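I opened a new model today and kept notes as I went. The entries follow the order in which I looked things up.

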Amino acid sequence: SLICDGFPSQGTFDDYLELFLLFGYVSLFSCVYPLAAVLVVLNNITEVYSDAFKMCRVFKRPFADPAANIGVWQVGICNVYLYKVKLGVQQTFPVFSG
């Protein structure tokens, strides 16, 4: 049988939201707290194992929906990245902060 007797699959929205928030924290605040990147890596390792357990033992097997990319999350991640680059340029070259 393809589907076990577990809970229904919850989708990937919460997983993408968590990764997006962690990317934003590291991108924007790593200059203030450099240890943030290490803590995020440890969190992601723990998250991989907990998600694997969740998908293998707790929830029903989700059926894959084909997608070309990660959708609107890509726009959000690009915006955070561009904002971080803008702040970095302004801090490095104050002449361009006009």
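**Entry 1: ground rules.** I count a contact when heavy atoms lie within 4.5 Å. Among contacts in the protein chain between residues at least 6 apart in sequence, I find that 78% join residues at least 24 apart. I note that this is a predicted model, where local features need pLDDT of at least 70, side-chain atom pairs count only at pLDDT 80 or more, and totals for chains, interfaces and linings use all residues. Residues are numbered from 1 along each chain as its sequence is written, and side-chain values use heavy atoms, with hydrogens and water left out.

**Entry 2: the whole chain.** I looked up the secondary structure and found three helices and zero strands. Here helices (H or I, at least four residues) and strands (E, at least two) are DSSP runs, numbered from the N terminus. Along the sequence I read the pattern α-α-α. Of the 98 residues, 11% count as buried. Buried means under 20% relative accessible area, exposed means over 50%, and partly exposed is in between (1.4 Å probe, protein chains only). The chain exposes about 8000 Å², and carbon and sulfur atoms supply 68% of that area. The area comes from the Shrake-Rupley method with a 1.4 Å probe.

**Entry 3: H1 against H3.** At what angle do the axes of H1 and H3 cross? I took helix H1 as residues 13-29 and helix H3 as residues 72-92; their axes come within 10 Å and cross at roughly 5 degrees. Axes are lines fitted to C-alpha atoms, for helices over the stretch in contact, and angles run from 0 to 180 degrees between N-to-C directions. H1 and H3 are therefore roughly parallel to each other. My cut-offs are under 35 degrees for roughly parallel, over 145 for roughly antiparallel, 65 to 115 for roughly perpendicular, and oblique for the rest. On the H1 side, the contact includes Phe13, Tyr16, Phe20 and Phe23. On the H3 side, it includes Trp73, Ile77, Val80 and Tyr81. The contact residues divide into 11 nonpolar, three polar and one charged. Ala, Val, Leu, Ile, Met, Phe, Trp, Tyr, Cys and Pro count as nonpolar, Asp, Glu, Lys and Arg as charged, and the others, Gly among them, as polar.

**Entry 4: Phe23.** I picked Phe23, which lies in helix H1. Its relative accessible area is 29%, so Phe23 is partly exposed. Leaving aside neighbours within four places in sequence, Phe23 is in contact with Ile77, Val80 and Tyr81. Phe23 and Tyr81 are 58 residues apart in sequence and 9.0 Å apart in space, C-alpha to C-alpha.

**Entry 5: H1 against H2.** The axes of H1 and H2 come within 10 Å and cross at roughly 170 degrees. That makes H1 roughly antiparallel to H2. I listed some of the contact residues, among them Glu18 and Leu22 of H1 and Val40 and Asn43 of H2. By class, this contact has six nonpolar, two polar and five charged residues.

**Entry 6: Asn43.** Which residues does Asn43 touch, not counting those up to four places away in sequence? Asn43 touches Glu18 and Leu22. Asn43 lies in helix H2, residues 35-58. Why does Asn43 count as partly exposed? Its relative accessibility is 29%. Asn43 and Leu22 are 21 residues apart in sequence, with 9.3 Å between their C-alpha atoms.
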